[in-house]
Each structure stands twice: as structure tokens, then as C-alpha cells.
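Please keep the sequence and the three-dimensional view at hand while reading.

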Amino acid sequence: MRDPCVLCRVVLLTNNFLQIPYIGTCRLVLHGRPQYFQTLTFQDGVCVSMIKLSHVHKFFGPNEVLKDVNLEVKEGEKLVIIGPSGSGKSTTVRCMNGLELPTSGQVFVNGVELTRKNRTELVRSTSSMVFQQFNLYPHLNVLGNLTLAPIKLFGKARKEAEELAYHYLEVVGLTDKAMAYPTTLSGGQQQRVAIARALCSQTKIILFDEPTSALDPETVQEVLNVMVKLASESITMVIVTHEMGFAREVADRVIFMDYGTILEEGTPEHFFVNPIHDRVKQFLGKILY
Ligand SMILES: Nc1ncnc2c1ncn2[C@@H]1O[C@H](COP(=O)(O)OP(=O)(O)OP(=O)(O)O)[C@@H](O)[C@H]1O
Ligand SMILES: [Mg+2]
């Protein structure tokens, strides 16, 4: 992982020397003005913070849709985001992959601050996204969808890209659909292709924004099964979903968002057994029963 800033690098070196874990806040002051303010987590001298949102605010016009969101996702962690419609779940995930830039606050991906300038390159090399509506290219067959980014963006040879595509088609159970066009596939199959496409980019992070909510109930499980399989890998996953059975099975942590803030966070068990806020109890009451 790249060192995030000069001061963090100093901290890193010091910690390596002292052999102690470090969790804390760094502030680099240049010419009397703070240039960086970040709270990346180091353990055993290694930065383990894969995504970090620090004091993120997002306005759309006068509407403040994210209000001081602070969130860290560690390498390999599976984080599930739940909450009512309009609470800011998609905006939070979109800030993680540079589709939105915060109005104020900072986003760090893989230890590097995401900026207007570096966001395309940084996100492309570190994270992929799976959307509710699949977003497959309709004019390309499945193999074409899967090999496009590896060939055009990552410079892989066609043969290597196709081998990769077949490998991930096997992971999602769709090897026989390599030549099919998206419109000939069911919703569940299209979403599994979209997941295979995300995997073909071989990024450390995959972000899922309600990947099963556009599917009919019978095909939801086939997509969730693929995601459960992925969750056993070291990949970092952030998943907006209301599939609480799935969350219970794979999530390391669940956060509940309401009105642009993180109202409550905990393990899936915490949310099933002992949620604190009435708002959370009320929401879970609706989606669980
Ligand atoms: N591009 C945009 N322009 C203006 N307002 C936006 C934009 N994107 C989102 N919003 C507003 O920001 C708020 C949060 O939206 P967001 O999509 O993040 O919510 P959500 O929790 O994902 O909701 P849902 O569960 O319905 O997907 C909403 O009030 C929404 O109308
Ligand atoms: Mg949304």
C-alpha cells in the first residue's frame, strides 16, 4: 500500500522501528497551514485503511444529503449499509468511488486522498462498482462486456483478458453464456455478469449499490449466493442492501444511515438482537417482518 502523506510515512517508519501498532490522527502543517488532516489506521506499521471518509459533507443545491459522515473500511472488511430511502446510502458509496466529490471533507482510497484530478485513475485501479440496474453494454456480448476494461483500460492482451473472463464466469456460474447478449439474459443472470465484470478488473474493492433490489424474488438468491462466495475472499466489499439474512451471513459490520448521518453501527447480530435507536427498530421491523 502506498504511503498516504509525509507525516504518515514518518509515523510508519517510527512504528516499524518501535514495533507498535498505531491508530491515530495525522496533521501536516506546511507554511503554517494544515495541508492534510487524516485518521488512517496503521497496524504493525501497515496502513490497513482501504476506504476512509473523514468529515464528509455533501450538498445538492441547498440540500445537505451527507452531514459529517466519518467512516473507515479496513482491508478485507465486508461492510453493509442499510437505511431508509433518501438517507444518503448511494451518495456515500458514490463518494467512495469518485462518482461524487464531497462538498467538504476528505475521502481516502487505498491510503491516497481522492481528488478531482486523481479520481479516475485512483478509482479505476482500486475499486469496481456493481449497480442496481446492471449497466451492461447492450451492444456487446457477455465476453465483450467482461474483456472491455481489461483490454482497453488495463492493457491486457485479448487472450489473457478472455481467460480471466472465463475464470470469473465460472465463479458466477455462467460459463455457457459467454456469447449471449445482455437482453437475452434474466435479471439475475445479468447481475451475475455485472459481478463477473467487476471481478475482471481485479480491484481490491468492490462497491455494490442495492445489487438485488431490481430483481424478482426468485432470482435474488442466485445473486446473493455469488456474493456470499466472494465474501470468503480477501476483497474489500461495501454493500448497500436490505437483505438482512445476507448481512447476517457475511457482514463484519453494518451501518444504519438516516438523514445523511450514520445513526448506528454494529455487528449484524447487534442489529438483529439489540438495536438502540427507535428509528432503527422501526425500520428493521418493516424490512424483517
Ligand atoms: N444528483 C443529485 N442531485 C440532486 N439531489 C440528489 C442527487 N443524488 C441524490 N440526491 C438526493 O440526495 C438524497 C440522498 O440520495 P441517495 O440516493 O444517496 O439516497 P439513498 O439512501 O441511496 O436512497 P434509496 O434507498 O432510495 O436509493 C436524496 O434526497 C436525493 O434526492
Ligand atoms: Mg440508493
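A polar contact is a pair of N or O atoms within 3.5 Å. One example is the pair formed by a polar side-chain atom of Ser 90 and an oxygen atom of ligand 1, which lie 2.9 Å apart. The structure is a predicted model, and the values that follow are computed from it.

## Overall composition

The protein contains 10 helices and 15 strands. It has 289 residues, of which 51% count as buried. Its accessible surface comes to about 13,900 Å², and carbon and sulfur atoms account for 52% of that area.

Contacts can also be sorted by distance along the sequence. Among those between residues at least 6 apart in sequence, 62% join residues that are at least 24 apart.

## The surroundings of ligand 1

Which residues surround ligand 1? They are Phe 60, Val 65, Pro 84, Ser 85, Gly 86, Ser 87, Gly 88, Lys 89, Ser 90, Thr 91 and Glu 210. Sorted by class, this shell has 3 nonpolar, 6 polar and 2 charged residues.

Besides Ser 90, two further residues can be examined here. An N or O atom in the side chain of Ser 85 is 2.6 Å from an oxygen atom of the ligand. For Gly 86, it is a backbone N or O atom that lies 2.8 Å from an oxygen atom of ligand 1. On its own, ligand 1 has 630 Å² of accessible area, and the protein covers 58% of this.

## Helix H2

Helix H2 spans residues 89-96 and gives the most to the shell around ligand 1, with 3 residues. Because 6 of its 8 residues are buried, H2 is largely enclosed by the rest of the structure. The buried residues are Lys 89, Thr 91, Thr 92, Val 93, Cys 95 and Met 96.

After H2 comes Gly 98, which has a positive phi near 75°. Gly 98 can be related to Asn 118: the two are 20 residues apart in sequence, and their C-alpha atoms are 9.3 Å apart in space. Asn 118 is placed in the loop between strand E10 (112-113) and helix H3 (119-126). Leaving out residues up to four places away in sequence, Asn 118 touches Val 112 and Glu 113.

In soluble globular proteins, nonpolar side chains tend to be buried together. In this model, the largest nonpolar core has 49 residues, and those touching the most other members are Ile 82, Leu 146, Leu 169, Ile 195, Leu 199, Phe 208 and Phe 271.

Apart from residues up to four places away in sequence, Leu 169 touches Val 142, Leu 146, Leu 174, Thr 175, Ala 178 and Ala 196.

Is Gln 190 buried or exposed? Gln 190 lies in helix H6, which covers residues 187-200. Buried means under 20% relative accessible area, and Gln 190 has 15% relative accessibility, so it counts as buried. Its side chain reaches the backbone oxygen of Pro 182 at 3.4 Å. Beyond its neighbours within four places in sequence, Gln 190 is in contact with Phe 134, Leu 136, Pro 182 and Leu 185.

Thr 203 is located in the loop between H6 and strand E12 (205-209). Its relative accessibility is 8%, and therefore Thr 203 counts as buried. The side chains of Thr 203 and Ser 128 are joined by a polar contact of 2.7 Å. Not counting residues up to four places away in sequence, Thr 203 touches Arg 124, Ser 125, Thr 126, Ser 127, Ser 128, Ala 198 and Ile 235.

Asp 68 is not a glycine, yet it has a positive phi of about 60°. This residue belongs to strand E7 (residues 63-74). Asp 68 counts as partly exposed because its relative accessibility is 35%.

Asn 135, also a residue other than glycine, has a positive phi near 55°. Asn 135 is found in the loop between strand E11 (127-130) and helix H4 (142-152). With a relative accessible area of 40%, Asn 135 is partly exposed.

Technical notes
Residues numbered from 1 in each chain as written. Chains lettered and ligands numbered in written order. Predicted model: local features only at pLDDT ≥ 70, side-chain atom pairs only at ≥ 80, totals over all residues. Heavy atoms only, no water. Helix = DSSP H or I, 4+ residues; strand = E, 2+ residues; numbered from the N terminus. Buried < 20%, exposed > 50% of the residue type's maximum accessible area, 1.4 Å probe, protein only. Polar contact = N/O pair within 3.5 Å; in protein donor to acceptor, adjacent residues only side chain to side chain. Contact = heavy atoms within 4.5 Å. Core = buried A, V, L, I, M, F, W, Y, C linked by side-chain atoms within 4.5 Å. Near = heavy atom within 4 Å. Areas by Shrake-Rupley, 256 points an atom, 1.4 Å probe, with all protein chains shown as cover. Nonpolar A, V, L, I, M, F, W, Y, C, P; charged D, E, K, R; others polar.
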